[in-house]
Amino acid sequence: MTGPGLAGRTLLEADELSSIVRRFGEQISADHPEGIVLLGILKGSVCLVADLAREISVPCAVDFLALSAYGAGGARIRLSKDLEADVAGRAVVVAVDIVDSGLTVSYVRRLLHERGARSTDVCALLDRRPRRLLPVELRYVGLEIGDEYVVGYGLDLEERFRNLPMLVVLDTGARQASETELDDAWIASVNGPPDH
Ligand code: IMP
Ligand code: MG
């Protein structure tokens, strides 16, 4: 059940994502020898957290929180699932799929600060600065992108495409020859068992 004309081009292949996440892990481990709480923001960061946790060589607790947008145009944010860890006095690394307006990350940093976290560093796979509404400091960034919509590796379009192993830029306009039709057959060919 694919919408008509949904096409895309690969932004980062799985092996390129692995390199970025390995670099994140090395940097975070070097910066925090005493260990961290790795905090994922659901659901977009699940792939990042799962892979990043395995690249971190210092003590690493893993936790998650979920937020939901409400109000006119989704301009306000509330906590829909709280984290479980007591972050007081601890170094927290917030893992996020993409920083867009900056509202999500600003909300989470304020929350962690109120709860007494010793430090709150943001690790963002993607940074889309052209749409930033609130300034946010990002300590670890995978890739800066322009004003384009990305799916895969945890990022969704209405709950689809989170399960793609790579990042894909969607193009809802006229399909280019270099683009792939993002239909179910293509997803199956990417994620299914190899043909024999
Ligand atoms: P922000 O609060 O505007 O920075 O929103 C960030 C959140 O919006 C991300 O954590 C994503 O879940 C979602 N989001 C923003 N841009 C994209 C995109 O291009 N693809 C998928 N999700 C996105
Ligand atoms: Mg989403």
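**Entry 1: V122**

I began with V122, which I found in strand β6; helices (H or I, at least four residues) and strands (E, at least two) are DSSP runs, numbered from the N terminus. I note that this is a predicted model, in which local features need pLDDT of at least 70, side-chain atom pairs count only at pLDDT 80 or more, and totals for chains, interfaces and linings use all residues. Residues are numbered from 1 along each chain as its sequence is written, chains are lettered from A and ligands numbered from 1 in the order in which they are written, and side-chain values use heavy atoms, with hydrogens and water left out.

I looked up the accessibility of V122: with a relative accessible area of 1%, V122 is buried. Buried means under 20% relative accessible area, exposed over 50%, and partly exposed in between (1.4 Å probe, protein chains only). I then listed the contacts of V122, where contact means heavy atoms within 4.5 Å. Not counting residues up to four places away in sequence, V122 touches V94, V96, V105, R109, E137, L138, R139 and Y140. From V122 to G73 I computed 25 Å, C-alpha to C-alpha, for a separation of 49 residues in sequence.

**Entry 2: helix α3**

I turned to helix α3, residues 103-114, which has 12 residues. From its first C-alpha to its last, α3 reaches 17 Å, close to the 16 Å expected at 1.5 Å a residue; the expected span of a helix is 1.5 Å times one less than its number of residues. I recorded V105, S106, Y107, V108, L111 and L112 as buried in α3. The cover over these buried residues includes β2 (36-42), β3 (60-70), β4 (76-81), β5 (91-99) and β6 (119-127). After α3 comes G116, whose phi is positive, near 85 degrees.

**Entry 3: helices α1 and α2**

I next examined a helix pair. Two packed helices are described by the angle between their axes and the distance between the axes. Helix α1 (residues 14-31) and helix α2 (residues 46-53) pack at an angle of about 60 degrees, and their axes are 9 Å apart. That makes α1 oblique to α2. Here the axes are lines fitted to C-alpha atoms, for helices over the stretch in contact, and angles run from 0 to 180 degrees between N-to-C directions. Angles under 35 degrees count as roughly parallel, over 145 as roughly antiparallel, 65 to 115 as roughly perpendicular and the rest as oblique.

I noted the crossing of α1 and α2 as right-handed; a crossing is left-handed if the near helix is turned anticlockwise from the far one by less than a right angle, and right-handed if clockwise. On α1 the contact is made by V21, F24, G25 and I28, and on α2 by L48, D51 and L52.

I looked up A50, which lies in helix α2 and counts as partly exposed at 37% relative accessibility.

S29 has its place in helix α1 and counts as buried at 9% relative accessibility. Apart from residues up to four places away in sequence, S29 touches E55, I56, S57 and V58.

I found H32 in the loop between α1 and β2; at 4% relative accessibility H32 counts as buried. Leaving aside neighbours within four places in sequence, H32 is in contact with V58, A91, V93, S119, D121, R139 and Y140. H32 and V58 are 26 residues apart in sequence and 7.4 Å apart in space, C-alpha to C-alpha.

**Entry 4: backbone geometry**

I recorded a cis peptide bond joining L42 and K43, with omega about -5 degrees. K43 lies in the loop between β2 and α2.

E159 has phi near 70 degrees and lies in the loop between β8 (150-151) and β9 (167-171). F161, also not a glycine, has a positive phi of about 75 degrees and lies in the loop between β8 and β9. Is each of these residues buried, exposed or partly exposed? E159 counts as partly exposed at 46% relative accessibility, whereas F161 counts as buried at 2%.
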